[in-house]
Amino acid sequence: MNDCLFCRIMAGEIPSTKVYEDDFCYAFRDINPQAPVHVLVISKQHVGNLTEAAALPDAALAGILRAIPEIAAREGLGNGYRVVSNCGPDACQSVQHLHFHLLGGRPMADQMA
Ligand code: 5GP
Ligand code: ZN
């Protein structure tokens, strides 16, 4: 049994507010939004984070990267958005399944952290 939180969300075992899905990724609203739009874009295949994402097929990596601006457009983020992927302890990654935070709907701070 897979005890990964995001795998369980994708499987529908834990409810989520889906905003997008294709062959390579699933996207849903963060439960604790840090901006008016805060979407998590996760890989369909389980990998721990970007460091491990070399294991993904090139088509999956490209597909996820292409999906992010598509989701941003659907969310009305024509004025810009920020994409963050926390990798490992120093970045405070809390869920060990590759995900990109898509943040927008307000001006972001001009520093990264
Ligand atoms: P990380 O800290 O690993 O970069 O990001 C994990 C994100 O997952 C956090 O922003 C957190 O709010 C979100 N999150 C944790 N559990 C759930 C959940 O059950 N549902 C949703 N929609 N988001 C979650
Ligand atoms: Zn997973």
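Is Cys4 buried or exposed? In this predicted model, Cys4 has a relative accessible area of 9% and is therefore buried, since the cut-off for that class is under 20%. The residue is a ligand of a metal site, described next.

The zinc ion (ligand 2) is held by the SG atoms of Cys4 and Cys7 and by the ND1 atoms of His46 and His97, at 2.0 to 2.3 Å. The angles among these four donor atoms run from 102 to 118°, and the site is tetrahedral. For four tetrahedral donors the ideal angle is 109.5 degrees. Along the chain, the donors of the zinc ion (ligand 2) are spaced as C-x2-C-x38-H-x50-H. Cys4 belongs to the segment before α1 (5-10), whereas His46 sits in the loop between β3 and α2; the pair therefore ties together parts that are 42 residues apart in sequence. In contrast to the buried Cys4, His46 is partly exposed, because its relative accessibility is 38%.

Asn49 is also found in the loop between β3 (37-43) and α2 (58-74). With a relative accessible area of 10%, Asn49 is buried. Its side chain makes a polar contact of 3.1 Å with the side chain of Gln93. Beyond residues up to four places away in sequence, Asn49 touches Asn86, Cys87, Gly88, Gln93 and Leu98.

The strand pairing was examined next. β2 and β3 are antiparallel and are paired through five bridges; within this pairing, Arg29 has Val39 of β3 as its bridge partner. β3 is also joined to β5, again in the antiparallel sense, by six bridges. Strand β4 (residues 81-84) runs antiparallel to β5 and is joined to it by four bridges. Here Val83 has Leu102 of β5 as its bridge partner.

β3 is largely enclosed by the rest of the structure, because seven of its seven residues are buried. In a regular strand the side chains alternate between the two faces of the sheet. Val37, Val39, Val41 and Ser43 point one way from β3, while His38, Leu40 and Ile42 point the other way, and all are buried. For β5, six of six residues are buried, so this strand too is largely enclosed by the rest of the structure. Both of its faces are covered: one carries His99, His101 and Leu103, the other Phe100, Leu102 and Gly104, and all of these are buried.

In soluble globular proteins, nonpolar side chains tend to be buried together. The largest nonpolar core of the model comprises 20 residues, and Val39, Val41 and Ile71 have the most contacts inside it. Two or more residues each are supplied to this core by β1 (18-21), β2 (25-29), β3, α2 and β5 (99-104). α2 provides the largest share, six residues. Another core, of nine residues, lies apart from it and includes Cys7, Ile9, Tyr26 and Val95.

The surroundings of Val41 were listed without residues up to four places away in sequence. Its contacts are Cys25, Tyr26, Ala27, Ile64, Ile68, Ile71, Leu98, His99 and Phe100.

Notes
Residues are numbered from 1 along each chain as its sequence is written. Chains are lettered from A and ligands numbered from 1 in the order in which they are written. This is a predicted model: local features need pLDDT of at least 70, side-chain atom pairs count only at pLDDT 80 or more; totals for chains, interfaces and linings use all residues. Side-chain values use heavy atoms; hydrogens and water are left out. Buried means under 20% relative accessible area, exposed over 50%, partly exposed in between (1.4 Å probe, protein chains only). A polar contact is a pair of N or O atoms within 3.5 Å; within protein, one must be able to donate a hydrogen and the other to accept it, and residues adjacent in sequence count only if both atoms are side-chain atoms. Contact means heavy atoms within 4.5 Å. Donors are N, O and S atoms within 2.8 Å of the metal (3.2 Å for Na, K and Ca); water is not among the atoms, so sites may look incomplete. Four donors count as tetrahedral if all angles lie between 85 and 135 degrees; four count as square planar and six as octahedral if opposite donors are over 155 degrees apart and all others between 65 and 115; anything else is irregular. A nonpolar core is a set of buried Ala, Val, Leu, Ile, Met, Phe, Trp, Tyr and Cys residues joined through side-chain atoms within 4.5 Å. Two strands pair if DSSP finds at least two bridges between them.
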